[in-house]
Amino acid sequence: MKIGTPNSTTAPPTAIPAARMAVMPAALLAALLAFSHAALAQLAAPTGPPKPAGPPPAAQQAAPFDLTGYWVSIVTEDWRWRMMTPPHGDYTSVPLNPEGKKLADTWTEDQDGSCKAYYAAGLMRMPTRLHITWASPDVLKIETDWGQQTRMLYFKRADLPASGPTPQGSSLASWERLPVYDSGAGRTGKAPPNPGGYLKVATSALAPGWLRRNGVPYGANTALTEYIQTYKDPTGKEWFDVTTQVDDPEYLAAPFITSSEFRREPDSAKWSPHPCKS
């Protein structure tokens, strides 16, 4: 007679039918019972409290890519709105509501060069150079030569400055990981050895500013969201792309979404500060 083993999916390890126990050799029966008791004891043993996790790494250490250095804006689209000041009343492609159009129409040419065009919601569309550094392990600093603006991206909410509306607002940043897939099991949820990702920046507490240099407005309740990712072109040059979404219930009828590109520069040789008019 062939002796079977208990099926763990239908009965616990000790549930060995009496009819089978009667025909089992004593040594085999003793071994099975000992194994069953050991398995049950292991399952019942307390595992103890989980080991406390260490502090999360600083944002600089956790960065999936390096944004530090000098970058230059490469304007390949919307040239007439970005490389020069558009004429009065030209707000094509911006989803202004009637109040937004009314305010935009009050702009005059003597306002050209105003710092309002360099406030956070319009800044990354300007044909500028950027200098990006870590001000601290959890604060990324972005400086521009055109308009001479400085943005501080905070990776800890507790570090956000407690202040009122400002031209560059209050920016909370986070590294977002890309989903990971394998060849057979689909999405694994595990980070690869060199994980990719993007930088998300949510900015609030903004002072009213302009989306373009000809006075196209955004208001004090604007929410600015940016997504930054890096890539290399076929020649090996490094780039980053920033997708910008401006949500303004005061002057926009819909979100204003744009995409801008920056190419890494080898050094600061072309850095040329140009102040704006206050």
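The side chains of E238 and R264 form a salt bridge, with 3.3 Å from N to O. The two residues sit in distant parts of the chain: E238 in strand β11 (residues 238-247) and R264 in strand β12, 26 residues apart. E238 is partly exposed, at 34% relative accessibility. R264 is partly exposed too, at 22%. Note that this is a predicted model.

How many salt bridges does the structure hold? It holds six. One of them joins R129 and E265 at 2.8 Å, N to O. R129 belongs to strand β2 (residues 129-136) and E265 to strand β12, so this pair ties together parts that are 136 residues apart in sequence. Is E265 buried or exposed? E265 counts as buried, because its relative accessibility is 12% and the buried class lies under 20%.

K156 and D138 also meet through their side chains, at 3.4 Å from N to O. K156 lies in the loop between β5 (150-154) and β6 (170-177), and D138 in the loop between β2 and β3 (139-144). K156 is partly exposed at 44%, whereas D138 is buried at 12%.

## The barrel

Nine strands make a closed barrel, in the order β1-β2-β3-β5-β6-β7-β10-β11-β12, with mixed pairing. From one strand to the next, the twist averages 30 degrees.

Strands β1 (residues 69-74) and β12 (residues 256-265) run antiparallel and are joined by five bridges. Here S73 stands opposite F262 in β12.

## A nonpolar patch

W79, M83 and M84 form a nonpolar surface patch, with about 300 Å² of accessible area together. W79 lies in helix α4 (residues 79-82). W79 is partly exposed, at 47% relative accessible area.

How values were computed
Residues are numbered from 1 along each chain as its sequence is written. This is a predicted model: local features need pLDDT of at least 70, side-chain atom pairs count only at pLDDT 80 or more; totals for chains, interfaces and linings use all residues. Side-chain values use heavy atoms; hydrogens and water are left out. Patches are made of residues with over 30% relative accessible area and no salt bridge: like charges are joined within 9 Å, nonpolar side chains (Val, Leu, Ile, Met, Phe, Trp, Tyr) within 5 Å. Accessible areas come from the Shrake-Rupley method with a 1.4 Å probe; for residues, only the protein chains shown count as cover. A salt bridge is a side-chain nitrogen of Lys or Arg within 4 Å of a carboxyl oxygen of Asp or Glu. Helices (H or I, at least four residues) and strands (E, at least two) are DSSP runs, numbered from the N terminus. Buried means under 20% relative accessible area, exposed over 50%, partly exposed in between (1.4 Å probe, protein chains only). Two strands pair if DSSP finds at least two bridges between them. Axes are lines fitted to C-alpha atoms, for helices over the stretch in contact, and angles run from 0 to 180 degrees between N-to-C directions.
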